[in-house]
Amino acid sequence: MKAGIILFPGINRERDMAIALENSGGVKPRMIWHKETDLGDLDLVVIPGGFSFGDYLRCGAMAAQSPIMAAVRAHAARGAYVLGVCNGFQILTEAGLLPGALLRNASLRFLSMDCHLRVERANTVFTTRYQQGQTFRAVMAHGDGNYFADDATLDRLEGEGRVAFRYATATGEISPEVNLNGSARSIAGIYSDNLRVLGMMPHPEDLVDPLMGGIDGKPLFDAIAAA
Amino acid sequence: MGRDVNQQLAREFGLTADEYAKVLEIMGRTPTLTELGIFSVMWSEHCSYKSSRVWLRQLPTKAPWVIHGPGENAGVVDIGDGLAAIFKMESHNHPSFIEPYQGAATGVGGILRDVFTMGARPIANLNALRFGSPDHPRTRRIVDGVVRGIGGYGNCVGVPTVGGEVNFHPAYNGNPLVNAMTVGIARQDRIFLSAAAGVGNPVVYVGSKTGRDGIHGATMASAEFGADSEEKRPTVQVGDPFTEKLLIEACLELMETDAIVAIQDMGAAGLTSSSVEMAGKGGVGIVLDLDQVPARETGMTAYEFMLSESQERMLMVLRPEREGMARAIFEKWDLDFAVIGHLTDTGRITIRHQGRVEADIPLAPLADEAPLYTRPTVESPKGEKINPARIEDRVGLTAALKTLVACPDLCSRAWIWDQYDSTVGGQTTKRPGAADAAIVKLDGLKRGIAMTTDCTPRYCAADAEEGGKQAVAEAWRNLTAVGARPLAITDNMNFGNPEKPEIMGQFAAAIRGMAAACEALDFPVVSGNVSLYNETEGKGILPTPAIGGLGVLDDVSKAVGLALPPWLDIVLIGVTTGWLGQSLWLREIGGREDGAPPPVNLQAERANGDFVRAQILAGHVRACHDVSDGGILVALAEMAMASGVGARVSTHPRDIPGHAFWFGEDQGRYLVACPDSPALIRAADAAGIPALRIAVSGGQDLTLPDGGTISIAALREAHARFFPAWMAGPG
């Protein structure tokens, strides 16, 4: 699995992501500046978290217009893998690679805390090391993670099995109390129609080492590395 | 700005008649407006430390592991593996009162620049915050703005905010304190200093463009507030964390090369202080051509360019042959890069603008003849020692504990932490609230850095010397409680008007106490900041010498937190006398804010801490928490709330009243949870360390010696209530 991480100015979780990818895959990912135009023969492109271009416009809107994004679109179109986390998820929606949008958190405050994610299907390239319906811990760190799409889109995502993760209790119950950013239908992550592009708000890459409080995120990177 | 330069204008710029006379003597003529501006900011309290320098010299600043002490942009200590930790704490009090969000945000930005300008990648931010009474109508807006500002800046630049402290007291109603600390890591052979060298070398400006914001911010920070403070809002700078992030990456990329001769951030007094200090320290001269400075607006005068405090700017002296390579790096990051001058051998700073020389000042007298005052001091009366036997307990242990864990000074700070990204970087081993000190691991190594901020202002107000001692000791204790080896501190001295003898008396006494503690604990001061004139309409703050402590762990897997595991004995280390003076029990339950604060026995502090650290590193301790605000029972409740595991508490020694034993605030104490308490107590006895088993963990309740029982769930609920309820309240 050859992985690359795209760097937009203002991205700040690229090192966390590189550690997680190398930890599972054994190879340092390639770092790709946003003004580059060629992804080469990468199997996986990752867009990490941060504040691309300061998020001074809509989150991810500027990054979606960067030169590298044409190559990311082509990469996705040929059926290769893309993972966008946090700002990366926002950029994927702004680029039209995933439907919907991420709005301000319902509380209108930045949320930095652990959450539990329920695995909605365990048979995609990202989730084979989890069980369907299990929960795992991930780190929320965002101001704009409130997933929004119109009802028709949400119905379609659910009908096509494209909801990747939902915010849940530790035991897997869905409730407004644990859907802290107010996401539609508690959605924390979604897939493209071919299930090869995943966007998610919480950070699995910050829980891959027991010293950092747990390894709940590691199965996701192990699964990708084995694909 | 066509005003005549005279003594009247000098006074408006904050210079006294004597200081202005000195300016005239140095210049041998009437200075230009730009020159007067340069003198006034360089000689402001904020930049010159003119009232505090004589006292700061008394602080110990040396140890074998200190690489650079005070005098550089930040302190530098050896942490092993050829690496250095670079750190400093700095205040942004005045701006945060006028405009809380931007004041706090630019405070974070400024301290980050002090650290990465020396070649360090910032790995952690902390803060120390003091706010007015929660009942005061302005406090909530200030807390909200400050927290949003710290988060807004720190989260965006991608440096985790891992720790801090918060107090409320009416003395801060008109003058909140926002002290921000940054810790960075650099290779010891790649540390960058600010002394300019090499006549003819280019002086390069990088970062944001210069605008008219923050003009005379340093002067504002050197005066008391009156009723007109609102009108000072234009002197507050506006932060741009995105540009700061680019500046960090571009500077660190350039620092991988040999291009930089000297570098300094443009902080308070902007282009003036950076150019004057760089050239002055290097013993060279400097010529600046302001027509080359990237400007955000048109029509700016030389005075405005030199005094602007626009953020996210750096000044560098480069090797001339590396200029092209350096320019390419900054252009890649979409940052301005401009050669705005060069070094000379004249020993003068010469400012050119639109074909005219706007300033021409000899640098040596500007630095050497800066005012230095030994202001008169008067010692404040100290609080009387309180006999605990004469303080009646009217509420009992259970009710008192419930009240204390819910009070604003002790309640959960989760509402604040939850707005700060504490995990970015992927190395945060102990997050806020998990341990007495935050721990951030170094990528690829076992080694980690422990950090804390501490001060107990109510102790300082009652006895500034004991309070200064206690602030340093508590920082040392918090680092020890996670298993770290304490290395050094940064201090942020927040006081009132130094022209009042009682304020200078507090300052001198606090320094005395701090110096004694630094000496006894081998815990030198390596950087710091002084913020005076923290007064509004004549009312001063509590003396607040905030301490930022830094320690190292050779192996972070040996660190312990405060979460209490089940089925362990809890042993109290240190002497308990039942000291109620200035305790939170006395204030929150007894309704009295008086008495002498608990004294710190520095020999016992050292011995107890060295014992606890050795036990942690030997693997004999599963959880540890220092005993501070609220005493033993509050410390135990905090350990229980952190894990959800309860405890059964033993009876206390009969010679001390129960409420004094359990809630007194004697210093130098720890609670340790251990699987083999007899062995630990034997080891303590052998070392002459007081150790007493006080509880056994397990279950879901805290069972108190008076028979009362509180569920951990109820404690957590009480502990968590204050901030969300207060913030959601009306108005």
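View 1. Helices (H or I, at least four residues) and strands (E, at least two) are DSSP runs, numbered from the N terminus. The model is predicted: local features need pLDDT of at least 70, side-chain atom pairs count only at pLDDT 80 or more, and totals for chains, interfaces and linings use all residues. Residues are numbered from 1 along each chain as its sequence is written, chains are lettered from A and ligands numbered from 1 in the order in which they are written, and side-chain values use heavy atoms, leaving out hydrogens and water.

Within α24(B), residues 677–686, the buried residues are Ser677(B), Leu680(B), Ile681(B) and Ala684(B). These residues lie on the same side of α24(B), because they cover an arc of only 95 degrees around the axis; the arc is that of the directions from the helix axis to the C-beta atoms. The face turned away from this buried side carries the exposed residues Arg682(B) and Ala686(B). Buried means under 20% relative accessible area, exposed over 50%, and partly exposed in between (1.4 Å probe, protein chains only).

**View 2. The buried face of helix α13 of chain B.** In α13(B), which spans residues 323–332, Ala326(B), Ile329(B) and Phe330(B) are buried. Seen down the axis, the buried residues of α13(B) fall within an arc of 95 degrees and so line one face of the helix. An α-helix has 3.6 residues a turn, so residues three or four places apart point the same way. Among the elements that cover the buried residues of α13(B) are β7 (202–207), α10 (241–255), β10 (313–318) and β11 (336–344) of chain B. After α13(B) comes Asp334(B), with a positive phi near 55 degrees.

**View 3. Lys245(B) and its contacts.** Lys245(B) has its place in helix α10 of chain B. The residue is buried, with a relative accessible area of 3%. Not counting residues up to four places away in sequence, Lys245(B) touches Gly10(A), Ile11(A), Asn12(A) and Glu14(A), as well as Val157(B).

**View 4. Chain B as the setting of the helices.** The secondary structure of chain B comprises 25 helices and 28 strands. Of the 731 residues in chain B, 65% are buried. Along its principal axes, the C-alpha trace of chain B spans about 85 × 50 × 50 Å.

Methods
Contact means heavy atoms within 4.5 Å.
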